[in-house]
Structures are given as C-alpha cells and as structure tokens.
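Please look over the model below. A short report on its fold and annotated sites follows.

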Amino acid sequence: MDCKKYTAGECRSCQWIELSPEQQLSQKQNHLQALLPLVDQSTFEPPVSGEAERFRNKAKMVVSGSVEKPVLGIVNRDGKAVDLTDCPLYPVEFATVFAELIPFIAKAGLTPYNIERKRGELKYILLTQSWHSGQFMLRFVLRSEKKLEQLTNALPWLQAKLPELSVITANIQPTHMAILEGAQEIMLTTQHVLREEFNQVPLFIRPQSFFQTNPLVAAKLYQTAREWVNALKIISLWDLFCGVGGFGLHCAQKQTKLTGIEISAPAIACARQSASELGLQHVEFQALDSTQFAVGHQDVPQLVLVNPPRRGIGKILCEYLSQMQPEYILYSSCNAQTMAQDLTLLSGYQVSKVQLFDLFPHTAHYEVLTLLEKIQK
C-alpha cells in the first residue's frame, strides 16, 4: 500500500506497511503458532484476509488547527497536526464526507480543541459507515454543551449536503485527558441506530457500542463461527462478552437456546433488536458482567462462546469453565497472547480448530478463532 504520509514520516500508525500482504500474513501465522506450541499443526486452518486498502468502516479523527482551517487526522509525536482525510485505509466515500465537514466546522463555529492551551470545543470527529447500506453515523466529540446550539442550528446545511448521514450525535467529553469519548451522548437526528448486515444477519450500531472495523473479514469470521457451531448440533449456548450479538446470532438456529451477556447496555439494546428482526424465540440478552453472570450459575450450556476484550477471559472464568466442563468452548480473541495464557488455565480441553483472521492489515494485530472440545475420559 502506498501512503504519502508514511513515506514523509508524518504518520506511522501502519507499522507493517513496508511488508507485502503475504509477508504480513505469514508473520502473523508464525506468531500465532509460536504462542500455541502444544497445539497440533494439523488443527490450524489457513489464515483469512481481505483487502489491503479501503477496508475500514470507521474513522477516528482528532480535530486540530483553527475554526477557519480545521485539520482532521492525528497529532503526531512531534506535536504536528497531520491531515488524514486522504488515508488509503478509508473507503472513497469518506473523502466526500470529510470535504463537507471542513466548511461545516467553520459554519457552526466549532473551535478545535487546543491541547496545550486547554481551549476550544471540538475534540474529535467519529465517522462510521454501514457496509450494507452505505449510510453513515457521525459523532462530534465536544468539550461541553457550549456550542451545541450553534451545531444544531447549522446541521440542516450539512444534512442537505450529505443525506447519507442517517445518525448524528454530539458526545460530551469534558476532561483534558486523551479520552476518546464521554458518557453523555446527545442525539441530533431522529434515527439513533445504524443498520448493518453480515451474512443475512442484521446487526445494529449505536454510538457507544463496539463494532468491528473491517466488515469484509468480520463477516468471514462470523460465518466461520456459524459453520463450526452448526456442525456440532448445538441446542444451547452462552455468548459471553457478546457485544452487539454478532457471534451468538450467527450461531443460533430457530430452536437454539441462546443467552448473550455484555456489560454495555447500548450493545445489548442492539443485540435485542437483531434477535427480534430475526424472529428468534429462545434468545435472551442481558447487560451484565460476563464473568459474574457465569460463575453465578451451577449448570452450563453445551457451548460457551467467549469474545473478550484484549485482557482475555481471566483466571476466574477459566477456573469456572474447567470445573463446569461445557462440551465445547469457542474462543474469539483480538489478542492471541492473552488467549494463549487463558488456554493454559482451561483444563480438560483440547484444541480442535484454530484460524487466524487478519482484520488489521499493516499492523501486528489480528483476530483468532479457536474451538476447544472437552476431552472424553
């Protein structure tokens, strides 16, 4: 991938950009296999990848510069504001939105936040696109509600220019620290949810719910989980750390008893909306801590599906699963190192399948899906 900002030394986010896609995939596969030295090589499925450019569905842009000449991108290590509106990771449609946002910031009087002076109002622009519909969610991260009326008054101009902006919000983040968003979300459109669809499964994105940033490979990941689980003839499963329900909803059939658990209430609202549209009758989603939910039960389903954050599922949940012994565990991880640590804590299981999914080209990160089966005594 050719990137002028990388060549100029202005942005180094894509640290592996000088490696070919084949080299990147090979190094990631080698890294995964090295983390799982006791797993038979025959259990590793071929790695899955997608496009090397234009694959991201989300942009997180720091807003710098002045109200007349805002810069959307990053502030690099040298303290320089770097324009990333032409970043080759973003689909071409993003450039159209960015081009209209530049004059809109001036029109609405949204002064970019200055980190050194601790002045200004507009901190970030967060833009997410639905791969299915092409519609966008646009979020303005503001220091306070001071400019909210100005933003609201100017919004019709932007909506006329960009009718594809179906969800628009203002997020209030008052602290000076480098925190992306605050707790308060103010809806500026009647539509509050962005609809996505993977493999004929509707998924919904709310402003503060996590969603994969590489739709093409994420769809392959969910489809693979569906195929692996369907082959097991599962009738009951838990989907822990379920997010918006992508894994569980892909794996559940009409008669499957599915319980999905996620700490984020907005994500659970999305999962419930998807289950309703699919007409699934034996599904329950709850906004709870996944570990606390699990250890509070004295029986387990046939399969426990876990998709934890980078820290992994941890010792307590590993010990619980080792004691309760569900027939299968399906582990999706964005951090193979913590997954490998968790696998050493899961006793009574053997790995039957492992597959790498390259959701993060040009970086060392990847997703991995691992199926564990209870060892029959």
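Which strands does helix H5 (residues 215-230) lie across, and at what angle does H5 run to S15? H5 lies across S13, S14, S15 and strand S16 (367-374), and runs at about 155° to S15. Axes here are lines fitted to C-alpha atoms, for helices over the stretch in contact, and angles run from 0 to 180 degrees between N-to-C directions. H10 also packs on the sheet, where it touches S14, S15 and S16. The direction of H10 makes about 155° with that of S14.

This is a predicted model: local features need pLDDT of at least 70, side-chain atom pairs count only at pLDDT 80 or more, and totals for chains, interfaces and linings use all residues. Residues are numbered from 1 along each chain as its sequence is written, and side-chain values use heavy atoms, with hydrogens and water left out.

**Domains**

The protein is divided into domain 1 (7-52 + 214-374) and domain 2 (58-198). These bounds come from an automatic or database domain assignment. The domain centres, taken over C-alpha atoms, are separated by 31 Å. The contact between the domains takes 13 residues from domain 1 and ten residues from domain 2. Contact means heavy atoms within 4.5 Å.

**The sheet**

Seven strands form an open sheet in the order S12-S11-S10-S13-S14-S16-S15. Its pairing is mixed. Strand S12 (283-287) and S15 are the edge strands, each pairing on one side only. Neighbouring strands are turned by 15° against each other on average, direction ignored. Strands of a sheet pair through backbone hydrogen bonds, either parallel or antiparallel. Two strands count as paired if DSSP finds at least two bridges between them. Strand S11 (residues 257-262) and S12 pair in the parallel sense over five bridges. Glu-262 stands opposite Ala-287 in S12. Helices (H or I, at least four residues) and strands (E, at least two) are DSSP runs, numbered from the N terminus.

**Helix H9**

Helix H9 spans residues 314-324. Its buried residues are Leu-317, Cys-318, Tyr-320, Leu-321, Ser-322 and Met-324. Buried means under 20% relative accessible area, exposed over 50%, and partly exposed in between (1.4 Å probe, protein chains only). The cover over these residues includes strand S10 (236-240), helix H8 (290-295), strand S13 (303-306) and strand S14 (328-333). It also includes helix H10 (336-345) and strand S15 (349-357). Just after H9, Gln-325 takes a positive phi of about 55°.

**Annotated sites**

An unreviewed UniProt entry places the feature "binding site" at Gln-212, Phe-241, Glu-262 and Asn-307. UniProt positions are given in the numbering used here, feature names are shortened, and annotations may be inferred rather than shown by experiment.

Phe-241 is found in the loop between S10 and helix H6 (246-251). Beyond its neighbours within four places in sequence, Phe-241 contacts, among others, Glu-262, Asn-307 and Leu-317. Glu-262 has its place in strand S11.

Cys-3 is found in the segment before helix H1 (4-7). Outside four places in sequence, Cys-3 is in contact with Ile-17 and Pro-88. Cys-14 is found in the loop between H1 and helix H2 (21-35). Its contacts, again leaving aside neighbours within four places, are Met-1, Tyr-6, Leu-89 and His-362.

**Burial of selected residues**

| Residue | Relative accessibility | Class |
|---|---|---|
| Phe-241 | 12% | buried |
| Glu-262 | 14% | buried |
| Cys-3 | 15% | buried |
| Cys-14 | 13% | buried |
| Leu-122 | 0% | buried |

Why does Leu-122 count as buried? Leu-122 counts as buried because its relative accessibility is 0%. Leu-122 has its place in strand S4 (residues 122-129). Not counting residues up to four places away in sequence, Leu-122 touches residues including Val-63, Ile-105, Tyr-113 and Phe-140. Thr-111 is eleven residues from Leu-122 along the chain, and their C-alpha atoms are separated by 5.9 Å.
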